[in-house]
Amino acid sequence: MNGRLLEFTVDSPALAGNPLGDPSRRPLFAWLPPGRADGAGLPAVYFLHGFTGSGRGWLNVSAWSPTVPERLDALVSAGEVPPLVGVFVDGWTALGGSQWINSPAIGRYQDYLADDVVAFVERTLGTLPRREARAIAGKSSGGYGALRMGRDRPEVFAHLACHAGDAGFDWCYGPDLPRAAAALLAGGGDPAAWLAVAVQRARETKLAGSDHPVLNVLAMSAAYSPDAAAPLGAALPFELPSGRLRPEVWGRWLEADPVRFVPRALDAFGSLATVFLDCGSRDEFNLRWGARQVAEALGAGGVEVIHEEFEDGHLGINYRYDRSLRLLGARLARS
């Protein structure tokens, strides 16, 4: 690597006292271009990991495949992307993720990112304190977080890149609901007890493939349908043992679906300088349909959107950051 990757610890007031008891002190990784001691005068791209990811996960090495920091390093070193600072944020929770939003069942992860992390980076590294010099980029749940940031905090970030972001909830989450209901029933019907067993299994051996739908439903319930009176503080979108859909809860999920909220937030998205969406044509979670519908809504509302599909699935697509970084690097403000 030609540049430098630095590790910091961020103390987040937004995460202090969060309901899951997760730490408010978080690791933060920042990549600096070659020859730079800090990020003074440079723009920054903030990277959001997906569900069950973590800040340290950005450093995981796969055979012959560069990490995202290594991809950024290669692009800047080759002159394909102008110098910038890459910021790799940790959003791990006891449920596997937060969707990068504020939820009374999980914590204030949107405030943590937009307020605490951004302020820390600009204070510590000296990156440009302008929305036009900040971009947010993520994949899967991280892509969803980028879209929510575009809707909720356009005064902080003027550029976003959403890679295979969660959207079109009927199709991307719907298939997991009966699988989660069956697994919860087999485990006694108590979500908290099921989670405790799954975590213990992961520590002793590993999670089973069948665990993912349940983890996904529990975490998304905490994000989209928090309920202090329910186990884990999250209302499930179905009844047990019947599996009957609970319209009032599922409706809360749908209100959080980009397919539904983007058409109502065109002013916010229209204020952004860059909106980039992509998804694989063979995405295993059916996310290309949501991406298409979000792109159509933005375009119909007069918002400039760059929407691409590529021939691949959902996993192992970090190479798509090469595309978004080339685009963002050329558009970020530099003064």
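Reply: Start with one cut-off. A residue is buried when its relative accessible area is under 20%. Keep in mind that this is a predicted model.

Me: What makes strand β3 (residues 44–48) mostly covered?

Reply: Buried means under 20% relative accessible area. Five of the five residues of β3 are buried. So the strand counts as mostly covered.

Me: Which residues of β3 point one way, and which the other way?

Reply: Ala 44, Tyr 46 and Leu 48 point one way. Val 45 and Phe 47 point the other way. All are buried.

Me: Why is strand β2 (residues 25–32) called largely enclosed?

Reply: Count its buried residues. Seven of the eight are buried, so β2 is largely enclosed by the rest of the structure.

Me: How do you know that β2 pairs with strand β1 (residues 4–11)?

Reply: Pairing needs at least two bridges. Eight bridges join β1 to β2. So they pair, and they run antiparallel. As one example, Leu 5 has Trp 31 in β2 as its bridge partner.

Me: What makes β2 and strand β4 (residues 85–89) a pair?

Reply: Again, at least two bridges are needed. β2 and β4 have four, in the antiparallel sense. Leu 28 has Val 89 in β4 as its bridge partner.

Me: In which sense does β3 pair with β4, parallel or antiparallel?

Reply: Parallel, over four bridges. The bridge partner of Tyr 46 in β4 is Val 87. Between these strands, the chain crosses from β3 through helix α1 (residues 68–77) to β4.

Me: Why is this β-α-β crossover called right-handed?

Reply: Point the strands away from you. If the path from the first strand over the helix to the second runs clockwise, the crossover is right-handed. The crossover from β3 through α1 to β4 is right-handed.

Me: Over how many bridges does β3 pair with strand β7 (residues 134–139)?

Reply: Five, in the parallel sense. Tyr 46 stands opposite Ile 136 in β7.

Me: Why is helix α2 (residues 109–125) called roughly perpendicular to helix α3 (residues 141–152)?

Reply: Their axes cross at roughly 70° and come within 11 Å. Angles of 65 to 115 degrees count as roughly perpendicular. So α2 is roughly perpendicular to α3.

Me: Which residues make the contact?

Reply: From α2, Gln 110, Leu 113 and Ala 114. From α3, Arg 148, Met 149 and Asp 152. By class, the contact has three nonpolar, one polar and two charged residues.

Methods
Residues numbered from 1 in each chain as written. Predicted model: local features only at pLDDT ≥ 70, side-chain atom pairs only at ≥ 80, totals over all residues. Heavy atoms only, no water. Axes fitted to C-alpha atoms, helices over the stretch in contact; angles between N-to-C directions. Helix = DSSP H or I, 4+ residues; strand = E, 2+ residues; numbered from the N terminus. Parallel < 35°, antiparallel > 145°, perpendicular 65-115°, else oblique. Contact = heavy atoms within 4.5 Å. Nonpolar A, V, L, I, M, F, W, Y, C, P; charged D, E, K, R; others polar. Buried < 20%, exposed > 50% of the residue type's maximum accessible area, 1.4 Å probe, protein only.
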